[in-house]
Amino acid sequence: MQILGGAWTPNVVWLLSGGPRRFGELRRDIPLISAKMLSARLRALEEKGVVARRVVPSSPPSVEYRLTALGEELMPAIQAIAGVGVKLKAQALAAAQAA
């Protein structure tokens, strides 16, 4: 839980599970996160060995992030959490409609 703890961390890992992404793509897909917070989350995940950072040789140079093998191992846990969230949302909707 220390790896996944912190605001936005599961979102970042979830998005990277679809393949390598650039910073701007992640920022666009999580519109409520600030650039500073996204940078902090990516840096922390990189330090923990969950995310790998690669400088793409282009003009101008850009950076691409991807999950490491450890990051891929976290996906079943994140999928389970997402599944519980879907069930809870469905229960709340059913309760609201019944009321």
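**Burial, helix packing and strand pairing**

User: Why is tryptophan 8 called partly exposed?

Analyst: Its relative accessible area is 26%. Buried means under 20%, exposed means over 50%, and partly exposed covers the values in between (1.4 Å probe, protein chains only); tryptophan 8 is therefore partly exposed. The model is predicted, so local features need pLDDT of at least 70 and side-chain atom pairs count only at pLDDT 80 or more, while totals for chains, interfaces and linings use all residues. Residues are numbered from 1 along each chain as its sequence is written, and side-chain values use heavy atoms, with hydrogens and water left out.

User: Where is tryptophan 8 found, and what is its phi?

Analyst: Tryptophan 8 belongs to the segment before α1; helices here are DSSP runs of H or I with at least four residues, strands are runs of E with at least two, and both are numbered from the N terminus. Its phi is near 80 degrees, a positive value in a residue other than glycine.

User: What makes the buried residues of α1 line one face of the helix?

Analyst: Thr9, Val12, Val13, Leu15 and Leu16 of α1 are buried. Viewed down the helix axis, they fall within an arc of 165 degrees (taken from the directions from the axis to the C-beta atoms), so they line one face of α1.

User: How do you know how α1 is oriented to α3?

Analyst: The axes of α1 (residues 9-16) and α3 (residues 35-47) come within 10 Å and cross at roughly 70 degrees. Axes are lines fitted to C-alpha atoms, for helices over the stretch in contact, and angles run from 0 to 180 degrees between N-to-C directions. Under 35 degrees counts as roughly parallel, over 145 as roughly antiparallel, 65 to 115 as roughly perpendicular and the rest as oblique; α1 is therefore roughly perpendicular to α3.

User: Which residues make the contact of α1 with α3, and how do they divide?

Analyst: Thr9, Val12, Val13 and Leu16 of α1 meet Leu38, Arg41, Leu42 and Leu45 of α3, contact meaning heavy atoms within 4.5 Å. These residues divide into six nonpolar, one polar and one charged. Nonpolar covers Ala, Val, Leu, Ile, Met, Phe, Trp, Tyr, Cys and Pro, charged covers Asp, Glu, Lys and Arg, and the others, Gly among them, are polar.

User: What makes β1 and β2 the edges of the sheet?

Analyst: Three strands form an open sheet in the order β1-β3-β2, with antiparallel pairing. Strands pair if DSSP finds at least two bridges between them. β1 (21-22) and β2 each have a single partner strand, so one side of each is left without a neighbour in the sheet. Helix α1 packs on this sheet, touching β1, β2 and β3, and its direction makes about 95 degrees with that of β3.

User: What joins β2 to β3, and where is the peptide bond from serine 59 to proline 60 on the cis or trans scale?

Analyst: A hairpin joins β2 to β3 through five residues. Proline 60 is found in this loop, between β2 (51-56) and β3 (62-67), and the peptide bond from serine 59 to proline 60 is cis, with omega near -5 degrees.

User: Why is serine 62 called buried, and glutamate 73 exposed?

Analyst: Serine 62, in strand β3, has a relative accessible area of 16%, so it counts as buried. Leaving aside neighbours within four places in sequence, serine 62 is in contact with Arg22, Arg54, Val55 and Val56. Glutamate 73, in helix α4 (residues 69-73), has a relative accessible area of 61% and is therefore exposed.

User: Why does lysine 48 count as partly exposed?

Analyst: Lysine 48 has 40% relative accessibility and so counts as partly exposed. The residue lies in the loop between α3 and β2. Leaving aside neighbours within four places in sequence, lysine 48 is in contact with Gln2, Ile3 and Leu70.
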